[in-house]
Amino acid sequence: DNMFPRPARRRVLTVANQKGGVGKTTSAVNLAAALAMHGLKVLVIDLDPQGNASTALGVEHRSGTPSVYEVLIGEVSLVDAASVSDQSDNLYCVPATIDLAGAEIELVSMVAREARLKEALTTEALDEIDPDYVFIDCPPSLGLLTVNAMVAGDEVLIPIQCEYYALEGLSQLLRNIELVQGHLNPSLYVSTILLTMYDGRTKLADQVTSEVRKHFGETVLRTVIPRSVKVSEAPGYGQTVLTYDPGSRGSMSYLDAAREIAEVGARADQ
Ligand code: ADP
Ligand code: MG
């Protein structure tokens with residue numbers, strides 16, 4: 001049986017790193033697809049106005065489509081904004097449209113502006129989909145959208161690119177997580193660090209890998225995602241690498257990473 005174990009309770013993972021291009025979206029959609037293909041129900045919430053997660057999941061996100069923007073301003077329920085992805089019946093996505101670009105400013109004047117997404121994610125609202133996993137794909141900033149994701153989530157998943165300057169900005173991210181922990185969401189913690197875009201031909205990639213492992217220990221998944229052209233091609237076809245090229249190294253590694261995440265989730269002490 002190749003089903004992944006179901007978590008003891010629903011896990012909401014916020015995929016964050018204020019650096020752009022480190023693999024947040026790629027990791028969110030591919031981990032989500034891997035879990036969905038192994039029998040778990042997964043919801044991806046696209047919280048980046050660029051809508052890259054929506055694209056990769058083949059979900060409509062033209063301006064005006066019911067999206068996470070309408071959810072945040074309270075016009076549409078989360079369930080009504082969610083569509084099932086054509087890649088798996090278990091995989092849902094709340095898309096982001098360009099309308100979200102103004103939300104960072106619009107939210108400032110709203111009541112409970114940091115908790116809009118959390119409110120939308122209440123148990124009743126999610127009962128219809130009833131996902132085992134929720135991934136929230138953050139924009140590349142530490143603004144109000146990312147704060148909403150951190151307030152709504154239980155866990156933070158940080159993708160780190162195996163590159164020069166990989167750790168730059170990380171302390172700022174961790175400080176922000178601590179602030180949210182201290183004031184808005186006491187149970188938030190960094191559960192998972194995923195090393196991405198690893199290039200085995202460079203010495204640097206190994207240096208970054210060991211530095212991150214030394215610093216973060218067990219939090220870092222054993223699986224490292226290699227740099228692979230298949231991974232970057234897949235979104236152009238409205239797919240994740242898991243459907244685009246299931247046998248590729250990129251696909252296999254996201255599968256392994258997802259299995260590690262699922263195994264942690266299934267432990268009772270989680
Ligand atoms: P972020 O969401 O953090 O901005 P993305 O996930 O969009 O980052 O990734 C940035 C770019 O790198 C995208 O063009 C993506 O296709 C590419 N990319 C991500 N992961 C890999 C990988 N493992 N191998 C090759 N290209 C990748
Ligand atoms: Mg992104």
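**A close look at strand β6**

Mentor: Let's start with one contact: Thr 14 has its bridge partner in β6, and that partner is Val 156. Before we go on, remember that this is a predicted model, in which local features need pLDDT of at least 70, side-chain atom pairs count only at pLDDT 80 or more, and totals for chains, interfaces and linings use all residues. Residues are numbered from 1 along each chain as its sequence is written, while chains are lettered from A and ligands numbered from 1 in the order in which they are written.

Now to the neighbours of β6. Strand β1, residues 11–15, runs parallel to β6, and 3 bridges join the two (strands are DSSP E runs of at least two residues and helices H or I runs of at least four, numbered from the N terminus; two strands pair if DSSP finds at least two bridges between them). Strand β7, residues 189–196, is also parallel to β6, with 7 bridges between them. Val 156 comes up again here, standing opposite Val 190 in β7. To get from β6 to β7, the chain passes through helix α9, residues 170–183, and this β-α-β crossover is right-handed (with the strands pointing away from the viewer, the path from the first strand over the helix to the second runs clockwise).
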